[in-house]
Each structure stands twice: as C-alpha cells, then as structure tokens.
Amino acid sequence: MTHSFDHYYQVLGLEPGASLEDINQAYKDLAFIWHPDRLPQDNPRLQEKAAARLKDINHARDMLRQRSPQAVRPPTSPQPTTQTYSSTRPSESPRASGQRPPEAYRAYHQPPRSPEPQRSYRRPSSPDLEGADLRGKNLQERDLSGQNLRGANLMGANLRDGFLHGINLENANLRQADLFRANLLQANLRNANLEGANLIGADFSGADLSGANLRNAQVGKGDRWMVKLTGANLSGAILPDGRQCA
C-alpha cells in the first residue's frame, strides 16, 4: 500500500515539511517508547504490536529522510567560465560597448541571490492536561509520554499497558487507577495519590515517587513485588503496608 508523505509525517508526530533534525529526533523518541525490549516479554500481543509500530516508524523515517532537502543535496554546479562574444572585443564587456548584454552574459553576471530563510518546523506540542478531570476514563494503551497531567484527577482511570514515559503526574489523584503493566519510566509522581491502585507489572524505573501515597496499592503476591522500581526515588513515600520510607 502506497502512502503519502503526509502520512509519514503523521506517523512520526510531525508537521509536513519538518526538518531533518526534527525527523531524526522524533524517530529516536518513538523508537525508545516502542522498542519491544522495553516491554513485558510475557505479553506476545503487546510485543507483536510494538514490533509492527517500530516497523512503521522505521519506514516513515527512511522515506522522509530521502525527501528532506537536508538529507539529499544536489551536486554543485561548476563555476561558469569566461566567454568571448562575437559582438565585442575580448577585452571589452557588452556594457562598456554600449550594447545590450546578451542573455548568456546576464545569466552569468547577475549578482548571487541571497538564500531563502529556512522555515523552522517543530513537533506539534501535546495538550496541557494539568488539573484535568479524567476520572474513570479508559486510557488503555494510550501514549501519554511527556505530557503534563500535574494535579489531574485520574481516580479509577484505566491506564493498563499505557506508555507514560516522562509524564508529569505530580500531585495527581490516581486512587484505584489501573496501571497494570504501564510504562512510567522517569515519570514525575511526586506526592501523587496511588492509594489502592493496581501497579502490578508497571515499570517505574527512574521515576520520582517521593512523598507518593501507595497505601493498599496492588504490587504483587505476598512478599513478592511485581513492580519495577530500578533507580526510583521513594523518599517519604507511604508503602502499601502503611510504612513510610525514610
């Protein structure tokens, strides 16, 4: 199936005509989010979906790189050589003789044009959802990476398998929210309310959970935690059993 270039820009979340720099950066961001190695290996459906999305991202990048004027530069034209015209003597220019310069002379001797200013394109900004009321919303498998939901009300929301890398959920209400297998790498959850939330399979690697309330949150079975907290900051957080981290 043949797609238009507008489709490829859309795949990367870019506006038509985006620069090569923006294309490369958008590709890096999306490849980081959708790389199958970052997702649960025990979920074949999600692995298959991620692999298909990554394939589309790679193809879109390759097509737009070929089209970008910064990626393919035309060969430099050779400098024109001095020409002799039959209407003048070799040492005399057409203008010095009072004659109208022939087209070839004018073409070679016109002052160089200033290059047109490069238009700057940037990725469309995500909507600011600070303080938004998203109670009970179905946001399953949604990509909310990097968005601002500071102070938002997500009580009882479905965020299963969500891509929430780098999201700002500071002071957000996630009470009884379903974050099963959600990707919250490097997320800001300072003072967030996660009381009674389902956190099984969620990845909080590098996230800031300082001061967060995880009282009665579902984190695994028995004493076995099934939540990834590599490099997470739990300073002052209330753990599921009611204890407070130092």
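Reader: Leaving aside neighbours within four places in sequence, which residues is Asn193 in contact with?

Author: This is a predicted model. Asn193 is found in the loop between helix 4 and strand 1. Leaving aside neighbours within four places in sequence, its contacts are Ala172, Asn173, Leu174, Arg175 and Asn213.

Reader: What distance separates the C-alpha atoms of Asn193 and Ala172?

Author: Ala172 is one of the residues in contact with Asn193. Along the chain, Asn193 and Ala172 are 21 residues apart, and their C-alpha atoms are separated by 6.3 Å.

Reader: Is Asn193 buried, exposed or partly exposed, and how long is the polar contact between its side chain and that of Asn173?

Author: Asn193 has a relative accessibility of 21%, so it counts as partly exposed. The side chains of Asn193 and Asn173 are joined by a polar contact of 3.5 Å.

Reader: Is Asn188 buried or exposed?

Author: Asn188 is also found in the loop between helix 4 and strand 1. Not counting residues up to four places away in sequence, Asn188 touches Ile167, Asn168, Leu169, Glu170 and Asp208. A polar contact of 3.1 Å joins its side chain to that of Asn168. The cut-off for buried is under 20%, and Asn188 has 14% relative accessibility, so it counts as buried.

Reader: Which residues have the most contacts inside the largest nonpolar core?

Author: The largest nonpolar core has 36 residues. A second, separate core has 21 residues, including Ile23, Ala26, Ala60 and Leu64. In the largest core, the residues with the most contacts inside it are Leu154, Leu169, Leu184, Leu189, Leu199 and Phe204.

Reader: What does Phe204 touch, not counting residues up to four places away in sequence?

Author: Phe204 is among the residues with the most contacts inside the largest nonpolar core. Beyond residues up to four places away in sequence, Phe204 touches Leu184, Leu189, Leu199, Leu209, Val227, Lys228, Leu229, Thr230 and Ala232.

Reader: How many aromatic pairs are there, and what is the geometry of the one formed by Phe5 and Tyr8?

Author: The search of the whole structure finds 2 aromatic pairs. In the pair of Phe5 and Tyr8, the residues are 3 apart in helix 1, so about one helical turn separates them. Phe5 counts as partly exposed because its relative accessibility is 30%, while Tyr8, at 6%, counts as buried. The centres are 5.9 Å apart with 75 degrees between the planes, and the pair is edge-to-face.

Reader: Where in the chain are Trp34 and Phe163, and what sort of pair do they form?

Author: Trp34 lies in helix 2 (residues 20-34) and Phe163 in the loop between helix 4 and strand 1, 129 residues apart. Both Trp34 and Phe163 are buried. Their ring centres are 4.5 Å apart with 40 degrees between the planes, and the pair is tilted.

Reader: Which ring does the charged end of Arg61 sit over?

Author: The charged end of Arg61 is 4.1 Å from the centre of the ring in question. That ring belongs to Tyr27.

Reader: Which element has the lowest mean pLDDT?

Author: The mean pLDDT of the chain is 78, and 75% of its residues reach 70 or more. Residues 71-97 stay under 50, and the pLDDT is also below 50 over residues 101-125. Where pLDDT is low, predicted coordinates should not be read in detail. Among the elements, helix 1 has the highest mean pLDDT, 88, and the lowest, 43, belongs to helix 4.

Conventions:
Residues numbered from 1 in each chain as written. Predicted model: local features only at pLDDT ≥ 70, side-chain atom pairs only at ≥ 80, totals over all residues. Heavy atoms only, no water. pLDDT = per-residue confidence, 0-100. Helix = DSSP H or I, 4+ residues; strand = E, 2+ residues; numbered from the N terminus. Contact = heavy atoms within 4.5 Å. Core = buried A, V, L, I, M, F, W, Y, C linked by side-chain atoms within 4.5 Å. Buried < 20%, exposed > 50% of the residue type's maximum accessible area, 1.4 Å probe, protein only. Phe/Tyr/Trp six-rings, centres within 6.5 Å; stacked < 30°, edge-to-face > 60°. Lys NZ or Arg CZ within 6 Å of the ring centre and 35° of its normal. Polar contact = N/O pair within 3.5 Å; in protein donor to acceptor, adjacent residues only side chain to side chain.
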